[in-house]
Amino acid sequence: MDNNTTTVVLESYPMNGGDGTYSYSKNSNIHKKASSVASSLIEDAIASKFDMNQFSSSLKHTFNIADLGCSVGPNTFIAMEKVLKALQKKYQSQHPNKPEFHVFFNDHSANDFNTLFSSLPPERYYFAAGVPGSFHGRVFPKSSLHLAYSQYALQWLSKVPEELLDKNSPAWNKGRIHYTYACDEVVNAYAAQFSKDMASFFDARANELVAGGLMLLIIPANPEDIPCSRPPLGMTFDLLGRCLVDMAKEGLISEVEVDSFNLPVYYPYAKEITQVIKRNGCFDIEMMELQRPQVDGLRQTPQILASILRSGLEVIISKHFGSQIIDELFNRVHKKAEEFPNPFESSFREGTQLFLALKRK
């Protein structure tokens, strides 16, 4: 395990910043709604699996919390409020002296931290700080965190698997932008990269969390009864890819550009996560549950789907193809999405969200 304190600089894929029409802050309600199903599990994990007395000597006056992959809000603030309420309740029942809480909001340096901090809740009971850097490496000092949290972030890979860009490789992903509906070699390349990234993630957190510290993770996942190449959450990427291929056929972008573009996103099976955790050997799995994200009550329209995709992918698409194609591309996504009556229902089905509570040994 690497004990170096240097931060790893990796590929950055920030969500759209600001508070405009296509900003992540205006289009992240679906993730807020989806992750809300884990609220009771968060409270249960802190209430039943967290022993404050185990590391009371390391607390002194400050309890340190990190949200890894926080993006620009408001979901990170909602999540931290849930965590802190559960912690305060725990302190009332177990520990006489409540410490001050310090929340570290972590994401890549390209993240829009200005929007994040300009929208901090004015009435909050914690101190706040931003920590730029990739969570695939070390971003905090050794044994400095008491609780780490991450929601809807770990599906992002540190980089696109190199085999996908090699014309001589059986994993060359010609004509596709993701592993959805791709051949086994492409799927395996994504899975291997995810495994490497998660190994680095857990190595880093093992260094940063104190013994007895808790890590709470909400990860979009692939149901066990679905082939790896058919992830429900990847269907929208297939739709986006078809629009790019159509634009290449019409000469609006080049075929070479499409063939060299792949989304660095992977939806794991639960067993893939547990295998990495067991190999790491520094964490006990205290709770694990596959859930159906709650998207009931959300407006489900093609326009909303296109806006959600744009808020999360505009930056990475613009970096590769140029910003001049964005309006045309997502207008096409909107029109093509009209072929699907309920675009969210097929994506957010039973087993597409994994909740994990891990304790540092």
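**Exercise 1.** In this predicted model, describe how the axes of helix α7 (residues 235-249) and helix α10 (residues 302-321) are placed relative to each other.

*Solution.* 
Step 1. Two packed helices are described by the angle between their axes and the distance between the axes.
Step 2. The axes of α7 and α10 come within 12 Å, and they cross at roughly 55°.

**Exercise 2.** State which residues of α7 and α10 meet, and sort the contact by class.

*Solution.* 
Step 1. On the α7 side the residues are T236, F237, L240 and L244.
Step 2. On the α10 side they are L305, L309, L313, I317 and F321.
Step 3. By class, the contact of α7 with α10 comprises 8 nonpolar residues, 1 polar residue and no charged residues.

**Exercise 3.** Repeat the analysis for α10 and helix α11 (residues 326-337).

*Solution.* 
Step 1. The axes of α10 and α11 come within 9 Å and cross at roughly 145°.
Step 2. The crossing of α10 with α11 is right-handed.
Step 3. α10 contributes P302, Q303, L305, A306, L309, R310, E314, I317 and S318. These meet I326, D327, L329, F330, V333, H334 and A337 in α11.
Step 4. By class, the contact of α10 with α11 has 10 nonpolar, 3 polar and 3 charged residues.

**Exercise 4.** Locate Y267, decide whether Y267 is buried or exposed, and list its contacts beyond four places in sequence.

*Solution.* 
Step 1. Y267 sits in the loop that runs between α8 (255-259) and α9 (270-280).
Step 2. The relative accessible area of Y267 is 8%. Buried means under 20%, so Y267 is buried.
Step 3. Leaving aside neighbours within four places in sequence, Y267 is in contact with Q155, Y179, P220, A221, N222, P231, L233, G234 and F237.
Step 4. P223 is 44 residues from Y267 in sequence, while their C-alpha atoms are 9.4 Å apart in space.

**Exercise 5.** For the largest nonpolar core, give the number of residues and name those with the most contacts inside it; then list what L87 touches beyond four places in sequence.

*Solution.* 
Step 1. The largest nonpolar core has 114 residues.
Step 2. L87, L147 and I317 have the most contacts inside this core.
Step 3. Helix α6 (residues 184-208) gives the most to this core, with 10 residues.
Step 4. Not counting residues up to four places away in sequence, L87 touches I46, F50, M52, F63, I65, F101 and L147.

Key. Residues are numbered from 1 along each chain as its sequence is written. This is a predicted model: local features need pLDDT of at least 70, side-chain atom pairs count only at pLDDT 80 or more; totals for chains, interfaces and linings use all residues. Side-chain values use heavy atoms; hydrogens and water are left out. Axes are lines fitted to C-alpha atoms, for helices over the stretch in contact, and angles run from 0 to 180 degrees between N-to-C directions. Helices (H or I, at least four residues) and strands (E, at least two) are DSSP runs, numbered from the N terminus. Contact means heavy atoms within 4.5 Å. Ala, Val, Leu, Ile, Met, Phe, Trp, Tyr, Cys and Pro count as nonpolar, Asp, Glu, Lys and Arg as charged, and the others, Gly among them, as polar. A crossing is left-handed if the near helix is turned anticlockwise from the far one by less than a right angle, and right-handed if clockwise. Buried means under 20% relative accessible area, exposed over 50%, partly exposed in between (1.4 Å probe, protein chains only). A nonpolar core is a set of buried Ala, Val, Leu, Ile, Met, Phe, Trp, Tyr and Cys residues joined through side-chain atoms within 4.5 Å.
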